[in-house]
Amino acid sequence: MNDTLFPEVGIATVQVLERLGHDVEFPEAQTCCGQVHLNTGYQDAAADLARRFVRVFADEEIVVAPSASCVATVREFYPYLAEQVDDSALAREVEAIVPRVVELTEFLVRHGGVTDIGARFTARVTYHPTCHSLRGLRLGDAPLALLRAVDGLDLVELPGADECCGFGGTFAVKNAETSSAILDSKIENIVATGAEVVAAVDRSCLTQIGGGLSRMGSTIRTLHVAEILAAAQ
Amino acid sequence: MKSGFPQAAHVALRDTQLRRNLALATTTIRGRRATVTGERPDWEELRAAGAAIKRRVLRHLDRHLLQFEAAVQQAGGTVHWARDAREANEIVVALVRRTGALEVVKVKSLTTDEIGMNDALAAAGVRAIETDLAELICQLAGEKPSHILVPAIHKNRVEIRDLFRRELGIPDLTDEPAELAGAARVYLRERFLDASVAISGANFAVAETGSVCVVESEGNGRFCTTLPNTLITIVGIEKLVPTLDDLEVFLQLLPRSSTGERMNPYTSLWTGVAPGDGPQEFHVVLLDNGRTNVLADEVGRQTLACIRCSACLNVCPVYERTGGHAYGSVYPGPIGAILTPQLVGTAEAGSLPFASSLCGACGEVCPVKIDIPQVLVHLRGRATRERASGGVGERAAMAVAARTLGSERRFRWARRLGRLVQRPFVTDGKIERLPGGLSGWTSTRDLPAVPARSFRDWWRSR
C-alpha cells in the first residue's frame with residue numbers, strides 16, 4: 001500500500017533510518033503481508049503471502065515496517081495462520097522471524113533508544129493512535145515521544161484518541177455505512193483540536209480519515225509520522 | 001445467505017434517536033467500568049484467574065456436568081438434558097403443563113431467549129411474563145432486547161412512558177424514572193403473588209454442590225426464585241464452575257465489567273429444595289444447543305468462557321452506532337458476532353464475524369480474556385470457506401489479488417494497469433466515485449489516485 005499509493009511514506013522511512021546511520025535494504029521481491037486476505041477470510045491466500053514474506057526477509061537482520069497493522073499481522077496472526085493451514089515449516093520460520101519484525105517508531109524508540117532525530121516541522125499536529133499500534137503492538141507513547149521532540153511542532157491532544165477510525169480494511173467497504181458513522185466521530189474530534197495535520201503510524205487508517213476530510217473539503221492534512229520525522233524544513 | 005448485518009445496520013444507522021440513546025448509554029457505562037476496574041490493583045490477576053478457571057472447566061466439562069447432576073439430585077432437584085432448543089422447550093412445556101399453570105414468571109435469561117422459550121410456551125397456551133424491568137419493557141413493546149445487560153438500551157424514558165401509558169393503562173404517567181419504576185413495580189408484584197411456576201437462567205452453576213447462582217440488580221429475580229412452588233432453571237452447559245470458591249473470582253469480575261458496580265445488589269444462590277421454604281419442586285434443564293460443536297473447535301472454544309457481562313458491547317464502535325438489533329441475534333455486539341455463528345452456523349449468521357473493524361477494544365476489556373479479534377478472523381475464514389460470505393465478485397478479486405501479489409513482476413504490471421484504469425475516475429489527483437463493490441468507499445470518502453512513481457521506482461532510481 002505504501003509502495004503503490006503512498007511512496008512518500010517509504011521514502012521518508014528510508015531517510016529517517018539512514019539519517020540515524022542504519023544500512024537500509026529494500027528486498028524488491030516483497031509485495032504484501034497478506035493482511036487483507038486474512039481479515040477477509042481467505043486464509044489459504046494469506047498463508048501463501050506469509051510464506052513469501054518469511055522467505056523474502058529470511059536473511060535480514062531486522063525488518064522495519066512503517067505500518068503497525070502489517071507488523072501486528074505478522075506478530076499476532078502468522079503463528080495462527082501457520083497452524084490453521086497445518087504448515088509446520090512455516091510455523092518454524094514464523095517463530096524465527098517474528099522477533100525481528102518491528103514497527104518504525106518501535107524500532108527508533110525501543111530498539112534504538114532515540115526520540116530526538118533532529119527533525120523540524122512547523123505545524124499544529126494531532127496524533128491518532130491507530131488500533132493496531134495501540135492495542136495490537138502496544139506502542140504506548142513511543143510515537144508521541146518522537147513527535148514531541150520535533151522542532152517547531154505544536155502537538156495537540158486528540159479527544160477520544162483511543163477510539164477506532166472505522167477503517168478495518170475490507171470492513172470499510174463491506175460495512176461502508178457503519179464504517180462511515182464511526183469515522184464521523186473521529187473527524188469531529190480531529191476538527192475540534194484545530195490541528196492542521198493529523199498524524200498516525202498507519203497510512204491505511206489515514207486513508208480513511210483523509211478520505212473523509214477531503215470529502216468534506218477540509219484543509220487538514222494526513223501525514224504518516226515518518227513523513228514528519230523526515231522533514232527538516 | 002440470509003439478509004445480513006450491513007442491511008440491518010442500514011436501517012439502524014438512520015434512526016438518530018437510537019444513535020443518541022446508544023451513545024449516551026454506552027459512554028456512561030464505559031466510564032463507570034473503567035473507574036471500578038482501574039481502582040483494583042489486582043484486576044489483571046482477577047482476569048487471568050477467571051480465564052484459567054473457565055478454560056479448565058471446559059477441558060473437563062464432561063466430568064463437571066455429571067458431578068453437577070449428581071449434586072442437584074442429592075439436594076432434591078431433578079436434572080434434564082436437552083440436546084437442542086426443541087428438546088429444551090418440550091421439557092419445559094411438559095413441566096409447566098403438569099402444574100396446570102397458565103402463567104409463569106421469568107427471571108431475565110438470555111438462554112431462554114436463545115431457545116425461543118416464550119414462543120414455545122405461548123404455543124402451549126402459557127403466558128410467560130418477563131420480570132426484569134428492561135425485559136418487561138421490550139416484551140410490552142413487542143420488541144427483542146438490544147443489549148445483553150440493558151435490554152431496552154435503545155429506548156429513552158419518554159418512549160417508555162408512552163409505552164406504559166398504553167400497555168399498563170396509566171394515562172397520566174410522567175417520565176420521571178421513579179414513577180416509571182413504580183408503575184412496573186405495582187404491575188409485577190401482582191404477577192409474583194399469583195405465580196405458581198417460575199423460570200430462570202443461571203449465571204453460574206456449581207458442580208461441587210449443585211448450586212445455581214443468579215446475579216441481578218432489581219431483586220425481581222429473587223421474587224421468582226423464592227415465591228412460586230415450582231422453579232425451572234435453564235443452564236447452558238458452559239455455565240459450570242467447579243467449586244463455590246471459584247465464584248469469588250466471578251462475583252468480582254462480573255459486576256465491575258457489566259454495570260460498573262463494585263458489587264451487584266442481588267446475588268441469589270440456591271441448592272435443590274429446602275422443605276417448607278421456597279420452591280418445593282426444582283428442575284434444571286442442561287442445554288447443549290450447539291455448545292459441544294463450539295467446544296470441538298480449538299480456536300473458537302474460548303467463546304464458551306463468556307460470562308455475559310457485555311463489556312465488549314459497551315466499548316465496541318460498531319455496536320455503539322448500530323445497536324443490538326442489527327445483529328439479528330440474541331447475543332449482539334462482539335460476543336454475539338463470535339458466539340452466534342458458532343451456535344447456529346455460518347449459513348444463518350455468516351455476516352456477523354465481518355461486523356467489526358477489528359479494533360481490539362473488546363478483547364482488551366473482556367474479563368475472561370477471550371481473544372475476540374482472533375475468533376472473529378477465525379470465523380471469517382470459516383464463513384468464506386463455507387461460502388456464507390463473499391460473492392463471486394469478491395472471490396474473483398481476492399484470487400486475482402493473491403496471484404498478483406505472488407510475483408513481483410505481476411505486482412509491477414498491476415500497478416501500471418491500475419494507473420490506466422483509474423483515469424476516467426480521477427479529478428485533481430483524487431477519486432470521488434468508484435463503481436461496483438468499491439462504491440461503498442466513495443459514497444462518503446475520497447481516495448487518492450495511484451501516483452506516477454511508486455516507492456520501488458524511487459528506490460531503483462537512487
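Which residue of E7(B) does Ser200(B) stand opposite? In this predicted model, the residue opposite Ser200(B) is Thr233(B).

**The six-stranded sheet of chain B**

- Six strands of chain B form an open sheet with parallel pairing, and their order is E1-E10-E7-E4-E2-E3.
- At the edges of this sheet are strand E1, residues 78-82, and strand E3, residues 127-130, each of which pairs on one side only.
- From one strand to the next, the twist averages 25°.
- Within the sheet, strand E4 (residues 197-200) and strand E7 (residues 230-236) of chain B pair in the parallel sense, and four bridges link them.
- Helix H5 of chain B, residues 85-99, lies across E1, E2 (103-106), E4, E7 and E10 (281-287).
- The direction of H5 is at about 170° to that of E10(B).

- His80(B) is a residue of strand E1 of chain B.
- Is His80(B) buried or exposed? Its relative accessible area is 17%, so His80(B) counts as buried, the cut-off being under 20%.
- The side chain of His80(B) forms a polar contact of 2.9 Å with the side chain of His283(B).
- With neighbours within four places in sequence left aside, the residues in contact with His80(B) are Ile91(B), Leu95(B), His283(B), Val284(B), Val285(B) and Leu286(B).

**The four-stranded sheet of chain B**

- A further open sheet of chain B has four strands in the order E8-E5-E6-E9, and its pairing is mixed.
- Strand E8 (240-241) and strand E9 (266-271) are the edges of this sheet; each has a single partner strand, so one side of each is without a neighbour in the sheet.
- Strand E5 (residues 204-206) and strand E6 (residues 211-216) of chain B are paired in the antiparallel sense through three bridges.
- Opposite Ala205(B) stands Val212(B), a residue of E6(B).
- Helix H12 of chain B, residues 247-258, lies across E5, E6, E8 and E9, and runs at about 170° to E5(B).

**The crossing of helices H8 and H9 in chain B**

- Two packed helices are described by the angle and the distance between their axes.
- For helix H8 (residues 133-141) and helix H9 (residues 157-167) of chain B, the axes come within 10 Å and cross at roughly 65°.
- The crossing of H8(B) with H9(B) is left-handed.
- H8(B) contributes Leu133(B), Ile137(B), Leu140(B) and Ala141(B) to the contact, while H9(B) contributes Ile160(B), Leu163(B), Phe164(B) and Glu167(B).
- Sorted by class, the residues of this contact between H8(B) and H9(B) are seven nonpolar, no polar and one charged.

**Glu106(A) in helix H6 of chain A**

- Glu106(A) lies in helix H6 of chain A, residues 104-111.
- The relative accessibility of Glu106(A) is 6%; Glu106(A) is therefore buried, as this value is under 20%.
- A polar contact of 3.0 Å links the side chains of Glu106(A) and Arg75(A).
- Beyond neighbours within four places in sequence, Glu106(A) is in contact with Arg75(A), His111(A) and Leu139(A).

**Loop residues of chain B**

- Ser310(B) is located in the loop between helix H13 (291-296) and helix H14 (311-315).
- Ser310(B) is not a glycine, yet its phi is positive, near 75°.
- With a relative accessible area of 2%, Ser310(B) is buried.
- Lys369(B) is located in the loop between helix H18 (361-365) and helix H19 (372-385).
- Lys369(B), likewise not a glycine, has a positive phi of about 55°.
- Lys369(B) is partly exposed, at a relative accessible area of 36%.
- Gly429(B) is in the loop between strand E11 (426-427) and strand E12 (430-431).
- Gly429(B) is partly exposed, with a relative accessible area of 45%.
- Apart from residues up to four places away in sequence, Gly429(B) touches Pro448(B) and Ala449(B).
- Between Gly429(B) and Gly221(B) the separation is 208 residues in sequence and 62 Å in space, C-alpha to C-alpha.

How values were computed
Residues are numbered from 1 along each chain as its sequence is written. Chains are lettered from A and ligands numbered from 1 in the order in which they are written. This is a predicted model: local features need pLDDT of at least 70, side-chain atom pairs count only at pLDDT 80 or more; totals for chains, interfaces and linings use all residues. Side-chain values use heavy atoms; hydrogens and water are left out. Two strands pair if DSSP finds at least two bridges between them. Helices (H or I, at least four residues) and strands (E, at least two) are DSSP runs, numbered from the N terminus. Axes are lines fitted to C-alpha atoms, for helices over the stretch in contact, and angles run from 0 to 180 degrees between N-to-C directions. Contact means heavy atoms within 4.5 Å. Buried means under 20% relative accessible area, exposed over 50%, partly exposed in between (1.4 Å probe, protein chains only). A polar contact is a pair of N or O atoms within 3.5 Å; within protein, one must be able to donate a hydrogen and the other to accept it, and residues adjacent in sequence count only if both atoms are side-chain atoms. A crossing is left-handed if the near helix is turned anticlockwise from the far one by less than a right angle, and right-handed if clockwise. Ala, Val, Leu, Ile, Met, Phe, Trp, Tyr, Cys and Pro count as nonpolar, Asp, Glu, Lys and Arg as charged, and the others, Gly among them, as polar.
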